[in-house]
Amino acid sequence: MPAYEYRCNACGRPVTLTFKSYAAYDEARAAGLTCPYCSAADLTRLISRVAVAKPGRDYGALSSGEMLNVLEGGDTREIGRMFEQAGQDQAMNDPAMREVGERLLKGESPGSIERDFKTTPVPPAPPPAS
Ligand SMILES: [Zn+2]
């Protein structure tokens, strides 16, 4: 699921927008992206801090927010691949990401780590289906 990071120029908050598909992203962009907090249509795209060209899915290019999306997915094999790859990349120079990796290796649940690291407010989500 594509995720993009923005900063809202109206309220100054970091905004992460996720879309069901790239087509949905294009549609939303054509319609005009708005801030989930204050509804301003004044978002500036933030450029990924790390960009390493690699075949396949490049976890090294993920922002910390996108990494949390992977953790949120709870797919342990994908999480393992992410950290295996990120371990060889600049992403692991980020102390927060290194700590996440170490805590995962100690068997801590992705959910509890995520709660500690999710420092930016998130838009209200619908209640889980279960
Ligand atoms: Zn805003």
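Helices (H or I, at least four residues) and strands (E, at least two) are DSSP runs, numbered from the N terminus. I also jotted down that two strands pair if DSSP finds at least two bridges between them.

**Ground rules.** I'm looking at a predicted model, where local features need pLDDT of at least 70, side-chain atom pairs count only at pLDDT 80 or more, and totals for chains, interfaces and linings use all residues. Residues are numbered from 1 along each chain as its sequence is written.

**Confidence.** I looked up pLDDT (the predictor's confidence in each residue, from 0 to 100). The mean for the protein is 75, and 67% of its residues reach 70 or more. I found the highest confidence in E2, at 91, and the lowest in helix H3 (residues 76-86), at a mean of 70. Residues 49-55 stay under 50 in pLDDT, and I noted twelve contacts for them beyond four places in sequence. A contact here means two residues whose C-beta atoms, placed from the backbone, lie within 7 Å.

**Layout.** I count five helices and three strands. Going along the sequence, I read β-β-α-β-α-α-α-α. Among contacts between residues at least 6 apart in sequence, 50% join residues at least 24 apart.

**Strands.** I started with E1 (residues 3-8) and E2 (residues 14-18), which run antiparallel and are joined by five bridges. Tyrosine 6 has valine 15 in E2 as its bridge partner. The two strands make a hairpin with five residues between them, and glycine 12 in that turn has a positive phi of about 80°. Next I checked E3 (residues 43-45), which pairs with E1 in the antiparallel sense over three bridges. There, arginine 7 has threonine 44 in E3 as its bridge partner.

**Burial.** My cut-offs: a residue is buried if 20 or more other C-beta atoms lie within 10 Å of its own, exposed if 12 or fewer, and partly exposed in between, with C-beta atoms placed from the backbone. Of the 130 residues, 15% count as buried.

**After H1.** Glycine 32 follows H1 and has a positive phi, near 105°. Serine 39 is exposed, because I get 10 other C-beta atoms within 10 Å.
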